[in-house]
Amino acid sequence: NMNVVKEIERINRAEINLGLSEEASWHYKYRDSPYVYVGGLPFELTEGDVMCVFSQYGEIVDINLVRDESTGQSKGFCFLAYHDWRSTVLAVDNFSGAKLLGRTLRVDHVRDYKKPEEIELEKKLKDAIRGRTGDRKRSADEEQHERAQDEAEEARDAKRSRGDQESSSARYRSSDTTRREDDMHSMQRSEYAE
């Protein structure tokens, strides 16, 4: 949504004008996550296309272009991981609000991304644990209660994630990487400040 894009731009301008340190930036609390969410992607783009566009700010080590299970068609959003978390800062700052093939991109940090295979494994473990709790058949009320608990947990996670995205003002921090990556990130930030 454009309000989020505009808010990110406003916060970034304020941080640059104030000359905040990396630790004081709102990006800093995401230093442990190399993942970003990318929304508003043109549906015809492939994983390779997205990687070509987003690799200008760092090495991409994982991508999950979300697709419709029945048609295989892209849903227009993905999650991608950079080798260096500082690349996520550059991607969020420079791609959020940018136009790509006529569509406006929304790029934001992701704190607790789980790969699809991790989610599937957790689901299998939950099912296995539930299966071992007894051989009796569960009632419809028990199944409905369990679904409601799962939905409430997902809603809390989504709310927590939204709160994380909207509530802070702290700056990204350097980590140990190659000199080339350090130079690239410094150069990109100074260009953005101009």
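These legends go with several close-up views of one predicted protein model.

**View 1. The whole chain, element by element.**
Residues are numbered from 1 along each chain as its sequence is written, and side-chain values use heavy atoms, with hydrogens and water left out. In this predicted model, local features need pLDDT of at least 70, side-chain atom pairs count only at pLDDT 80 or more, and totals for chains, interfaces and linings use all residues. The protein has six helices and six strands. Both are DSSP runs numbered from the N terminus: helices are H or I with at least four residues, strands are E with at least two. From the N terminus, the order reads α-β-α-β-β-α-β-β-β-α-α-α. Contact means heavy atoms within 4.5 Å. Take the contacts between residues at least 6 apart in sequence: 72% of them join residues at least 24 apart.

A residue is buried under 20% relative accessible area, exposed over 50% and partly exposed in between (1.4 Å probe, protein chains only). Of the 194 residues in the protein, 34% are buried. A nonpolar core is a set of buried Ala, Val, Leu, Ile, Met, Phe, Trp, Tyr and Cys residues joined through side-chain atoms within 4.5 Å. The largest such core holds 21 residues, and Val 38, Leu 41, Phe 54, Leu 80 and Val 107 touch the most other members. Two or more residues come from each of β1 (35-39), α2 (47-54), β2 (60-67), β3 (74-82) and α3 (85-95). Helix α3 gives the largest share, four residues.

Which residues is Leu 41 in contact with, leaving aside its neighbours within four places in sequence? They are Val 50, Leu 65, Gly 76, Phe 77, Cys 78, Leu 100, Arg 103 and Leu 105. A second, separate core has six residues, including Tyr 35, Phe 79, Ala 81 and Tyr 113.

**View 2. Helix α3, from end to end.**
Ten of the eleven residues of α3 are buried, so the helix is largely enclosed by the rest of the structure. Among them are Trp 85, Arg 86, Asp 93 and Phe 95. Just after α3, Gly 97 takes a positive phi of about 95 degrees.

**View 5**
Rings of Phe, Tyr and Trp (its six-membered ring) pair if their centres lie within 6.5 Å; planes under 30 degrees apart are stacked, over 60 edge-to-face, and the rest tilted. The count comes to five aromatic pairs. One of them, Tyr 37 with Phe 77, is tilted, at 6.0 Å centre to centre and 35 degrees between the planes. Tyr 37 lies in strand β1 and Phe 77 in strand β3, so the pair ties together parts 40 residues apart in sequence. Tyr 37 is partly exposed, at 24% relative accessibility. Phe 77 is also partly exposed, at 24%. Ring pairs link Tyr 37, Phe 77 and Phe 79 into a cluster.

Is Cys 78 buried or exposed? Cys 78 is buried, with a relative accessible area of 0%. Cys 52 is exposed, at 61% relative accessibility. A disulfide is a pair of cysteine sulfur atoms within 2.5 Å, and the whole structure has zero disulfides.

**View 3. Confidence along the chain.**
pLDDT is the predictor's confidence in each residue, from 0 to 100. The protein averages 75, and 63% of the residues score at least 70. Over residues 165-180, pLDDT stays under 50. For that stretch the model has 56 contacts beyond four places in sequence.
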